[in-house]
Amino acid sequence: MEDDAQVGQGEDLRKFILAALSASHRNVVNCALCHRALPVFEQFPLVDGTLFLSPSRHDEIEYDVPCHLQGRLMHLYAVCVDCLEGVHKIICIKCKSRWDGSWHQLGTMYTYDILAASPCCQINKPHLPSFQ
C-alpha cells in the first residue's frame with residue numbers, strides 16, 4: 001500500500017483511519033460479514049482484510065465507525081481476509097448467489113462501498129451478503 005501511494009498519501013490515509021477509530025474509542029474493528037474482531041495495527045496493513053467507506057449506514061451491520069471525509073458523514077467498515085477469500089460462505093440474501101471478494105486488495109481502504117458496488121442481482125435497493 002505505501003509503496004503504491006504518492007508521497008505522503010499513504011501516511012494521510014493511515015492517520016485518517018486511526019483518527020476515526022480513536023474518536024470512536026476503538027482499537028479493533030469487526031468484519032461486516034462474519035463479525036470477527038480484527039485488531040488494528042499502527043502500520044499498513046492496518047487490518048487482516050480490507051477497509052471501506054460507505055455514505056450510508058447499513059442497519060444490518062452493527063459494527064461501523066462513523067467518520068467525516070471532505071465534510072461528509074461516512075461509515076467505515078471492514079471485511080476480513082477469510083470473507084474476502086471465500087473461506088466463509090457469504091451468500092446474497094436475495095438471489096442466494098455466492099459473494100466473491102477475492103479481487104479486493106488486502107490491507108487498504110476503499111473510498112466506496114465494496115458490498116454495494118458490485119451487486120450480484122437486480123434489486124431496487126442495495127443489500128448485503130449474509131454470512132452462513
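Biologist: How many disulfides does the structure hold?

Modeller: The structure holds zero disulfides, a disulfide being a pair of cysteine sulfur atoms within 2.5 Å. Please note that this is a predicted model, in which local features need pLDDT of at least 70 and side-chain atom pairs count only at pLDDT 80 or more, while totals for chains, interfaces and linings use all residues. Residues are numbered from 1 along each chain as its sequence is written, and side-chain values use heavy atoms, with hydrogens and water left out.

Biologist: Is cysteine 31 buried or exposed? And cysteine 83?

Modeller: Cysteine 31 is buried at 0% relative accessibility, where buried means under 20% relative accessible area, exposed means over 50%, and partly exposed lies in between (1.4 Å probe, protein chains only). Cysteine 83 is buried as well, with a relative accessible area of 1%.

Biologist: Which residues touch the most other members of the largest nonpolar core?

Modeller: They are Ile17, Val29, Leu33, Leu51, Leu76, Val79 and Cys83, in a core of 34 residues. A nonpolar core here is a set of buried Ala, Val, Leu, Ile, Met, Phe, Trp, Tyr and Cys residues joined through side-chain atoms within 4.5 Å.

Biologist: Which elements supply it?

Modeller: Those that each give at least two residues to this core include helix H1 (9-23), strand S3 (49-54), strand S5 (72-80) and helix H2 (81-84). S5 provides the largest share, six residues. Helices (H or I, at least four residues) and strands (E, at least two) are DSSP runs, numbered from the N terminus.

Biologist: What does leucine 76 touch?

Modeller: Setting aside residues up to four places away in sequence, leucine 76 touches Ile17, Leu21, Leu51, Phe52, Leu53, Tyr63, Asp64, Val65, Cys67 and Met109. Contact means heavy atoms within 4.5 Å.

Biologist: Turning to the loops, where is threonine 111?

Modeller: Threonine 111 sits in the loop between S7 and H3 and is exposed, with a relative accessible area of 52%. Beyond its neighbours within four places in sequence, threonine 111 contacts Leu53 and Met74.

Biologist: What is the peptide bond from phenylalanine 44 to proline 45?

Modeller: That bond is cis, with omega near -5°. Proline 45 belongs to the loop between strand S2 (37-39) and S3.

Biologist: What is the phi of histidine 35? And of glutamine 70?

Modeller: Histidine 35 has a positive phi of about 70° although it is not a glycine. Histidine 35 occupies the loop between strand S1 (28-30) and S2 and is partly exposed, at 34% relative accessibility. Glutamine 70, also not a glycine, has a positive phi of about 55°. Glutamine 70 is in the loop between S4 and S5 and is exposed at 81% relative accessibility.

Biologist: Finally, how many helices and strands does the protein have?

Modeller: There are three helices and eight strands, in the order α-β-β-β-β-β-α-β-β-α-β along the sequence. Of the 132 residues, 44% count as buried.
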